[in-house]
Amino acid sequence: MKILVTGGLGFIGSHTVVELQNEGFEVVIIDDLSNSSENVLDGITAITGKKPVFEKLDLREKAKVQDFFKRHSDLDGVIHFAASKAVGESVEKPLLYYENNLGTLVYILQELSKKERASFIFSSSCTVYGQADKLPITEDAPVKKAESPYGNTKQIGEEIISDTCKVTPSLQAISLRYFNPMGAHPTVKIGELPIGVPQNLVPFITQTGVGIREKLSVFGDDYPTDDGTCVRDYIHVVDLAKAHVEALKRLMAGDNEKNYEVFNVGTGKGSSVLEVIESFERVSGKKLNYQIVDRRPGDVVSAYADTAKANTILGWKSQSTLDEAMKSAWEWEQKSRTN
Ligand code: UD1
């Protein structure tokens, strides 16, 4: 089975390529290297013993996308990670986000629609729920108005796929709504490589721990949660990667009931910002320098997944604890700084 992984050199993409290759899938990666490095291929090769095929390609170039699919007419499916993901930047540059995240999605779906049968997995986000009325969040919770162009691209992306599937029975698709991915591969050969100042909590913590950042700002401690800080569902990236393989297997086996389905991918457990800091301090043996500051606009109070649907239908469950995920993130941070 031959699978195209777009954005396959990125954080979640590279971990998914490893799990796909471990399960015997043949992988072709497309990446434009805008937020990744070709060195990631070496990490994937060292872990799996197999170098995936790689093509540097900007998916906004429609003619090149069409040419790619002509040259790889034997593809069985696509896992589509390639997208821009910085919430703040999306507010500054909405058209860039709509082009990168939605234009490219349309081009890929146009090509897949021509095939006799194709599987498609989309990287969606728990951001589509906004502040959900009920916790844990189930897949049938209403989608709330997006807080940013980035969030909007995930909502509209899901609608584009759903609308396409309705009129394209040959297309089998799943959107995975990720909660908060973190961590690195246990071999410490691949991990997260944020460019510039990290916006996400865990890389900011590990960079502070290693001395690149002076201190972490904790955005608000007056939220209606147990300790006043926001609660999220932090999932080990390897567990998240494995969910993609299970979703793909479901589509390929024809086990899906409808040709478009949606699954939450989280641990089901909520952790506050202070609990994440405590986890870092436990696994690193270091005190973290942090300070409580004002709330960050747009943050929801609390979000964690009801994972029953993925557990029962995909037969997938996250395995790692927060401390295990944190340990891998910390080891990766230390290793990437000493290289
Ligand atoms: C964010 C996006 C989400 C996107 C995801 C991609 C927002 C509102 N949401 O999720 O749409 O899918 O990134 O990775 O931007 N925190 C601090 N200090 C920091 C950084 C974060 O206290 O320096 C806190 C935040 O307030 C939040 C938690 O840590 O409570 C997690 O933040 P983050 O890692 O940015 O993820 P999300 O905001 O959940």
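## Basis

In this predicted model, local features need pLDDT of at least 70 and side-chain atom pairs count only at pLDDT 80 or more, while totals for chains, interfaces and linings use all residues. Residues are numbered from 1 along each chain as its sequence is written, and side-chain values use heavy atoms, with hydrogens and water left out.

## Shell around the ligand

Ala, Val, Leu, Ile, Met, Phe, Trp, Tyr, Cys and Pro count as nonpolar, Asp, Glu, Lys and Arg as charged, and the others, Gly among them, as polar.

## Atom distances and cover

An oxygen atom of the ligand lies 2.6 Å from an N or O atom in the side chain of Asp 299. For the side chain of Tyr 150, the distance from a ligand oxygen to an N or O atom is 3.1 Å. A polar backbone atom of Phe 219 is 2.9 Å from an oxygen atom of the ligand. The ligand on its own has 740 Å² of accessible area, and the protein covers 86% of that (Shrake-Rupley method, 1.4 Å probe).

## Lining of the cavity

The residues His 80, Phe 81, Ala 82, Ala 83, Asn 101, Phe 122, Ser 123 and Lys 154 line the largest cavity. On a 1 Å grid over the protein atoms alone, a cavity is a set of points where a 1.4 Å probe fits but cannot get out, and lining residues have an atom within 4 Å of a point. Four of the lining residues are nonpolar, three polar and one charged.

Conventions
1 Å grid on protein atoms, 1.4 Å probe; cavity = no way out; pocket = protein on both sides within 12 Å on 5 of 7 lines; lining within 4 Å. Polar contact = N/O pair within 3.5 Å; in protein donor to acceptor, adjacent residues only side chain to side chain.
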